[in-house]
Amino acid sequence: MKFTELKNSIAEGAQSVYLLQGVDAYFRSKGEEMIKEAFLQFPELNYASFDGETLKGSAIGEMVTALKNYPFMAEKRLVKVSEFYPAEGEFNAYLKPLFEDFPSTSILIIVNSQSKKGVDLKRKNAVTYVDCNKAEPETVARWIYLTLKRAGITCAADVCEKIAAWCVSDMARVSVEVEKLITYKGSGELTDEEAEALVYKDADYRVYQMTNAVAAGNYTAYAEISRELRSKGYDELAIMNSFLSFYRNMLSASSSPLGNAQYAERNSMNEYSVKKYREQAKRIGTEEITRLCAKTYSLISDVKSGVTTPPTALKILESMIFFS
């Protein structure tokens, strides 16, 4: 399920195993908090936490034992494990019997930031998978709108969309910025000018704007954003690496037979980003992207090996992109 569905799921009753997995730290921590608030009583007696890095082989048995203990004066005992990526053999030996006959008095919360290590836990029996990857921009904008509304602040939909974009849909960032806006505004209408002045623009967002300008062939917009990034510590090599990442992502997305949603899940991306990469790749052309990707890589290699200087390499690349 998506993170936004977790609240309704909790209202319907507890699940045995919650897997909170994805790159968005806000969703992971907020999901854990929601489960604890709903089901945990007397945490000093009915809660245990484990570091997944230390649970290797027979050590997993310690967590299994904790789950089999009865809660004290409460309905549920909660056990949390972070960054837990058991191998297939470890799962079969220690967890499979537990998951097939899970104690009705316990809840296991697994909080993982990655998805490509160890056994695929989200496909195992008794596991309720909560997708904690970055939400779509529309979902983030809607969250901003509703959160401000609950605080007594009205905000136009397009302004909420801008705030989401400035924070690159990172909910940890979004939640901090929205709290700042609530503290500043108090009540009334939040204007576009106020949001523009108060919300910090993530460097990743400016890189995203820069690569969009590259895709559109808009040299004026590119030059303006490039100057701003360099004033914030980005050097020529960092900008060229941004180009390389952009071209590689476009090639990978455009050549994959997977649908947008499936590709996004496999690569810990959001569906909107995949859609945009494919649209840009279609407009530029695979052959041209391949050429630019190879040339960017070659210029970066020349800089690192001392064949050319970073400013010269970036000028060559800009000429190829905008003026060839």
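Which helix holds the place of R230? The place of R230 is in helix α11, residues 219-231.

This is a predicted model, in which local features need pLDDT of at least 70, side-chain atom pairs count only at pLDDT 80 or more, and totals for chains, interfaces and linings use all residues. Residues are numbered from 1 along each chain as its sequence is written, and side-chain values use heavy atoms, with hydrogens and water left out.

**The chain as a whole**

The protein chain has 16 helices and seven strands. Helices (H or I, at least four residues) and strands (E, at least two) are DSSP runs, numbered from the N terminus. The C-alpha atoms fill a box of roughly 70 × 55 × 35 Å along the principal axes. The chain has 324 residues, and 45% of them count as buried. Buried means under 20% relative accessible area, exposed means over 50%, and partly exposed lies in between (1.4 Å probe, protein chains only).

Contact means heavy atoms within 4.5 Å. Among contacts in the protein chain with a separation of 6 or more, 77% come from residues 24 or more positions apart. The accessible surface is about 16,300 Å², and carbon and sulfur atoms supply 51% of that surface. These areas come from the Shrake-Rupley method with a 1.4 Å probe; for residues, only the protein chains shown count as cover.

The chain carries 40 positive and 43 negative side chains. The centres of the two sets lie 3 Å apart. Lys and Arg count as positive, Asp and Glu as negative; His and the chain ends are not counted. Each charge is placed at NZ of Lys, CZ of Arg, CG of Asp or CD of Glu.

R230 is partly exposed, at 35% relative accessibility. The R230 side chain makes a polar contact of 2.9 Å with the side chain of S226. A polar contact is a pair of N or O atoms within 3.5 Å; within protein, one must be able to donate a hydrogen and the other to accept it, and residues adjacent in sequence count only if both atoms are side-chain atoms. Leaving aside neighbours within four places in sequence, R230 touches E236, I239, L314 and E318. R230 and E279 are 49 residues apart in sequence, and their C-alpha atoms are 28 Å apart in space.

T147 sits in helix α6, residues 137-150. A polar atom of the T147 side chain lies 2.7 Å from the backbone oxygen of W143. Not counting residues up to four places away in sequence, T147 touches V178 and I182. T147 is buried, at 15% relative accessible area.

**Cysteines**

How many disulfides does the structure hold? The structure holds zero disulfides. A disulfide is counted when two cysteine sulfur atoms lie within 2.5 Å. The closest cysteine sulfur to that of C155 is in C160, 3.6 Å away, so the pair is too far apart for a bond. C155 is buried at 6% relative accessible area, and C293 is buried at 11%.

**Positive phi**

Most residues other than glycine have a negative phi. M73 and E83 have positive values.
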